[in-house]
Amino acid sequence: MAQQTDEQISDGFVVDTEDCEEREQAHRERGTARPITVVGNPVLHKECQDVTEFDDKLAALIDDMFASQRAAEGVGLAANQIGVDLKVFVYDCPDDEGVRHTGVVCNPVLQELPPELRVLDDSNEGCLSVPTAYAALARPDYAEVHGQDPEGNPVKVRGTGYFARCLQHETDHLYGRLYIDRLSKRERKDALKQMAEGTPRYETVPND
């Protein structure tokens, strides 16, 4: 993968809205789609290991993640959702203005927002690892994640609306938290019931 140039960085934040189709397609065509892990799989319920090797193996994993994300028709995917215990997620997600964002973050850390930026959005949320289930979940409508790119360089990503929800959702995954863990007991039970009654449109890993 090519390193980011200075022209690709704005105010310290990665510009992830350019050449989205070409970049996503290149990853996907190099990669192989893998089945998705679902709630109950141990890898989803613990903090993942930090990425320490920024090498060809990581690049191949990222390619597989983009291929898996597209096969499952998702907008974001964390490594543990295909069974890999590493802190990396990919995304190919629109914001509320319809602007497409595509990228990768390794070792993400969600930044604490000052009170003046905490405007909650209680839209519905779903998850490839909780297939066919949806629930309203309040999250800030702005998010900022700091981490590293696939070469190990510092990277900062920010988003609003639906894309902000994606950044928070995927970072949660890498710390062992599913969106249903943020719901009330009744809401969680309802989401799991939706999942039990539905049929995933993509291949999943059966829990033993």
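What share of the contacts in the protein with a separation of 6 or more comes from residues 24 or more positions apart? Hi everyone, the answer is 69%, where a contact means heavy atoms within 4.5 Å.

Before I go on, a word on the model. It is predicted, so local features need pLDDT of at least 70 and side-chain atom pairs count only at pLDDT 80 or more, while totals for chains, interfaces and linings use all residues. Residues are numbered from 1 along each chain as its sequence is written, and side-chain values use heavy atoms, with hydrogens and water left out.

Now the overall picture. The protein has four helices and 13 strands; these are DSSP runs numbered from the N terminus, with helices being H or I of at least four residues and strands E of at least two. The C-alpha trace spans about 50 × 40 × 30 Å along its principal axes. For 208 residues, a compact globule would have a radius of gyration near 17 Å, and the 16 Å of the protein agrees with that. That radius is taken over C-alpha atoms, and the globule rule is 2.2 Å times the number of residues to the power 0.38. Of the 208 residues, 47% are buried, meaning under 20% relative accessible area with a 1.4 Å probe and protein chains only.

Next, let's visit the second largest pocket. Its volume is about 400 Å³, which is the space filled by probe spheres set on grid points joined across faces, edges and corners. A pocket here is an open set of points on a 1 Å grid over the protein atoms alone, where a 1.4 Å probe fits, with protein on both sides within 12 Å along at least five of seven lines; lining residues have an atom within 4 Å of a point.

Which residues lie nearest the centre of this pocket? They are Val 75, Gly 126, Cys 127, Tyr 134 and Tyr 162, out of 23 lining residues. Strands β8 (124–127) and β9 (130–136) and helix α3 (161–174) each supply at least two residues of the lining, and α3 gives the most, with six.

Finally, two residues to look up in the backbone. Most residues other than glycine have a negative phi. Asp 19, however, has a positive phi near 55 degrees, and this residue sits in the loop between β2 (13–14) and α1 (20–30). Asn 107 also has a positive phi, about 50 degrees, but Asn 107 is in strand β6 (residues 100–110). Its relative accessibility is 13%, so Asn 107 counts as buried.

Definitions and conventions
Buried means under 20% relative accessible area, exposed over 50%, partly exposed in between (1.4 Å probe, protein chains only).
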